[in-house]
Amino acid sequence: MRFLLALFALLAFATPAHADDIAAAGRGVVRVVTIAVVEGEVVGFGHGSGFAVAPNRIVTNAHVVEPAARYPDNVLIGVVPSAGDKSYQGKLIAVDPARDLALIEFSGVSLPPLTLYAGPADEGDALIALGYPGNVDVATAQSMSDFIRPQSPVRSQGVYSGARSIAGVNMLLHTANIARGNSGGPLLDRCGRVIGVNSAITNGEQGDANFGFAIADSELTAFLREAKQPVASVGVPCLSIEDRLAADSAAAASAREQAEADAAAVAAQTRADREAALDQARDRNLTIRENFIGGATLLLVLGALGLGGAGLLATRRDPRARQAAIAGGALMAVAVIVFFLRPGFDPASVKVAAPKTRTTAADSGTGRMICTLDPARSRVTVSATQNVALSYGGDGCINGRTQYAEDGHGGWERVLVPDEEATVSVLGYQPATRTYTSTRYLLGDEAMSRARELRKGVTLKTCSADPAARAALASQQSAIRSSLPQRWNERLVYSCKAVP
């Protein structure tokens with residue numbers, strides 16, 4: 001027994017997880033070890049693989065833990081995570097020999113549960129197996145302690161070769177290389193979601209190709225339901241990060257082209273409006289000038305008549321001649337003044353009125369909303385896709401309690417680094433388009449520790465109208481974002497609509 005306790009107390013460092021979906025799923029994959037003990041001495045040893053369906057529960061094959069089910073007082077179950085520095089003792093919760101499935105509970109650490117894919121698989125789809133093949137262990141293990149030393153699972157890739165039934169159990173046939181020791185490990189799609197539980201391989205004789213069998217997700221779901229164990233499940237088909245980024249890039253390019261076309265149309269309309277305004281101003285100016293010239297001509301004629309009348313009155317020695325001459329001269333002087341005061345035309349003085357816009361609460365993105373997932377713009381790998389209730393009060397205040405920081409693009413952003421989950425989420429809201437996004441990074445222990453350390457510098461927790469406080473929040477969040485991988489694992493994009 002002392003030897004067994006010493007084995008479980010061994011420390012080792014695991015290989016850090018990468019940012020891709022399969023490595024992210026590997027955080028929840030474990031080695032399952034069975035150790036038979038009689039009178040304090042180890043008399044038997046076996047191992048397989050398993051994966052988390054809850055933070056403290058894992059699924060494996062029934063045949064992996066069959067000795068513990070048969071001799072519960074003499075066989076211990078060990079759970080060895082893929083990361084960390086410890087192994088943990090497990091307890092058998094449920095077992096189904098017919099389906100070859102078992103559920104194990106343990107304590108001492110929380111693992112990130114894997115998500116099941118409940119949708120259909122097509123023959124030829126790429127699949128990945130994760131686990132701990134025994135032939136690799138034989139080649140690399142130096143002692144029994146290596147079997148309970150945390151290390152990353154081995155991945156192998158193949159394709160889905162079709163559905164089969166063995167003894168009434170639905171199975172998936174695939175070409176991913178697996179071996180003894182992979183039993184109980186997950187069979188994943190490209191997005192890292194579980195579509196089956198690896199259980200058996202065919203015997204390659206005389207050069208025959210090897211095939212693997214995995215218990216279908218439908219059997220796994222039924223087993224967990226009977227064991228009253230909830231599990232995360234999604235039915236959205238897998239979209240690779242490359243495909244999502246390419247689609248986003250194409251959409252961004254299309255949006256830029258549309259924006260340029262809209263800008264060109266606005267510019268053309270502005271030019272047309274200015275030309276029309278110039279024509280109207282020119283016509284008005286011409287009419288006014290003609291009126292000034294006509295008025296000056298009339299005054300000039302009247303002045304000439306006044307002077308002519310004054311001359312006629314003067315020949316008659318009429319005392320009114322002087323008054324008539326003054327009046328005629330004044331009219332002619334006014335005529336000259338009016339002529340020179342006729343308005344000129346300055347095109348620069350013509351102003352074109354900008355289009356009037358009216359902003360209301362309905363189109364400012366504020367108020368209570370229901371946000372619905374937009375599958376065409378999303379990449380779903382591990383999260384549920386139900387609607388999200390959201391309330392935006394302006395200045396980045398979400399749901400009346402959480403302050404978001406300016407993202408530099410007219411929107412607001414908040415970085416969440418939870419204590420219990422190995423996931424960093426970047427939440428964003430664009431009021432102009434009523435678009436809400438949740439971008440998730442599935443990280444390993446080292447990356448999560450770094451993000452949590454940086455999160456300690458974030459002090460603004462509640463909504464604030466202070467621009468300086470929001471600017472500080474933006475700077476602190478930028479430090480967290482700079483520590484994240486260049487590529488995310490999941491992005492959910494929601495279209496929000498106002499509710500009464």
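User: How are residues numbered, and which pLDDT limits apply?
Analyst: Residues count from 1 along each chain as its sequence is written. In this predicted model local features need pLDDT of at least 70, side-chain atom pairs count only at pLDDT 80 or more, and totals for chains, interfaces and linings use all residues.

User: How many disulfides does the count come to?
Analyst: A disulfide here is a pair of cysteine sulfur atoms within 2.5 Å. By this rule the count is 3.

User: Where does Cys 238 lie, in the disulfide with Cys 191?
Analyst: The S to S distance of Cys 191 and Cys 238 is 2.2 Å. Cys 191 sits in the loop between β11 (186-188) and β12 (194-201). Strands are DSSP runs of E, at least two residues, and helices are runs of H or I, at least four, both numbered from the N terminus. The partner, 47 residues apart, lies in the loop between β14 (233-234) and α6.

User: Which strand holds the partner of Cys 371?
Analyst: Cys 371 is joined to Cys 496, S to S 2.0 Å. Cys 371 lies in β15 (residues 367-373) and Cys 496 in another strand, so the pair ties together parts 125 residues apart in sequence. That strand is β23.

User: Is Cys 463 buried or partly exposed?
Analyst: Buried means under 20% relative accessible area, exposed over 50%, partly exposed in between (1.4 Å probe, protein chains only). Cys 397, bonded to Cys 463, is buried at 16%. At 25%, Cys 463 is partly exposed.

User: Which strand do the buried residues of α8 pack against?
Analyst: The buried residues of α8 (residues 445-455) are Ala 447, Met 448, Ala 451 and Arg 452. They cover an arc of only 135° around the axis, which puts them on the same side of α8; the arc is that of the directions from the helix axis to the C-beta atoms. With contact meaning heavy atoms within 4.5 Å, they pack against β21.

User: Which element gives the most to the lining of the second largest pocket?
Analyst: A pocket is an open set of points on a 1 Å grid over the protein atoms alone, where a 1.4 Å probe fits, with protein on both sides within 12 Å along at least five of seven lines; lining residues have an atom within 4 Å of a point. Of the 23 lining residues, those closest to the centre include Arg 377 and Gln 430. With 6 residues, the element that gives the most is α6.

Methods
Side-chain values use heavy atoms; hydrogens and water are left out.
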